[in-house]
Amino acid sequence: MKNIILAGMIAFWATGAVAHSAMDETTPANEAVLTDAPSEIVMNFLHDIRLTKVRLTQADNPAVDLDLSAYKGMEIDFTVPMQSVGSGTYVIDWRGLGADGHAMTGSFSFVVE
């Protein structure tokens, strides 16, 4: 009986672990310092996610929603074009839906000198 309960707990934990997709890596890296603004950002997740919004904020400039039209479904890797808005700290906020339908959010930042 203990083995059945243990197997069930492991299966439940494994299902929950893959249901939420954590951010694996970004380009530019979080808190990177760059001499030029990138023309695109890359976001890699550990598991499939459907991004629903990616927003760029920089200093006193109005926040800008980045174009996700190239992505219609679940993906792991996203390359999103962006335009430079000058030097300063860029903050990228994202939100999406994990494979299990749970809402997910996160952010990263980088500095352009």
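Trainee: Which residue in strand 7 is the bridge partner of Thr89?
Mentor: That's Val111. Before going on, keep in mind that this is a predicted model, where local features need pLDDT of at least 70, side-chain atom pairs count only at pLDDT 80 or more, and totals for chains, interfaces and linings use all residues. Residues are numbered from 1 along each chain as its sequence is written, and side-chain values use heavy atoms, with hydrogens and water left out.

Trainee: How many bridges join strand 6 to strand 7, and do they run parallel or antiparallel?
Mentor: Ten bridges, and the two strands run antiparallel. Strands pair if DSSP finds at least two bridges between them. Strand 6 and strand 7 form a hairpin with four residues between them, and Gly101 in that turn has a positive phi of about 90 degrees.

Trainee: And what about strand 2 and strand 7, parallel or antiparallel?
Mentor: Those run parallel, joined by three bridges. Leu34 stands opposite Val112 of strand 7 there.

Trainee: Stepping back, how many helices and strands are in the chain?
Mentor: One helix and seven strands, in the order α-β-β-β-β-β-β-β from the N terminus. Helices (H or I, at least four residues) and strands (E, at least two) are DSSP runs, numbered from the N terminus.

Trainee: Now the rings. How many aromatic pairs does a search of the whole structure find?
Mentor: Four. Rings of Phe, Tyr and Trp (its six-membered ring) pair if their centres lie within 6.5 Å; planes under 30 degrees apart count as stacked, over 60 as edge-to-face and the rest as tilted. Tyr90 and Phe110 have ring centres 5.1 Å apart and planes at 15 degrees, so they are stacked. This pair links distant parts of the chain, with Tyr90 in strand 6 (residues 88-98) and Phe110 in strand 7 (residues 103-112), 20 residues apart.

Trainee: Is Tyr90 buried or exposed?
Mentor: Buried, at 0% relative accessibility, and Phe110 is buried too, with a relative accessible area of 0%. Buried means under 20% relative accessible area, exposed over 50%, and partly exposed in between (1.4 Å probe, protein chains only).

Trainee: Which residues form an aromatic cluster?
Mentor: Phe45, Tyr71, Phe78 and Trp94 form one.

Trainee: How many residues does the largest nonpolar core have?
Mentor: It has 22, and those with the most contacts inside it are Ile41, Met43, Leu51, Val54 and Phe110. Strand 3 gives the most to this core, with seven residues. A nonpolar core is a set of buried Ala, Val, Leu, Ile, Met, Phe, Trp, Tyr and Cys residues joined through side-chain atoms within 4.5 Å.

Trainee: What does Leu51 touch?
Mentor: Leaving out residues up to four places away in sequence, Leu51 touches Met43, Phe45, Leu68, Phe78, Trp94, Arg95 and Gly96. Contact means heavy atoms within 4.5 Å.

Trainee: One more residue: where is Phe108 found?
Mentor: In strand 7. Phe108 is buried, with a relative accessible area of 4%. Among the residues Phe108 touches are Met23, Ile41, Met43 and Tyr90. The C-alpha atoms of Phe108 and Met23 are separated by 9.9 Å, and the two residues are 85 apart along the chain.

Trainee: Last one, what share of the chain's residues is buried?
Mentor: Buried residues make up 29% of the 113.
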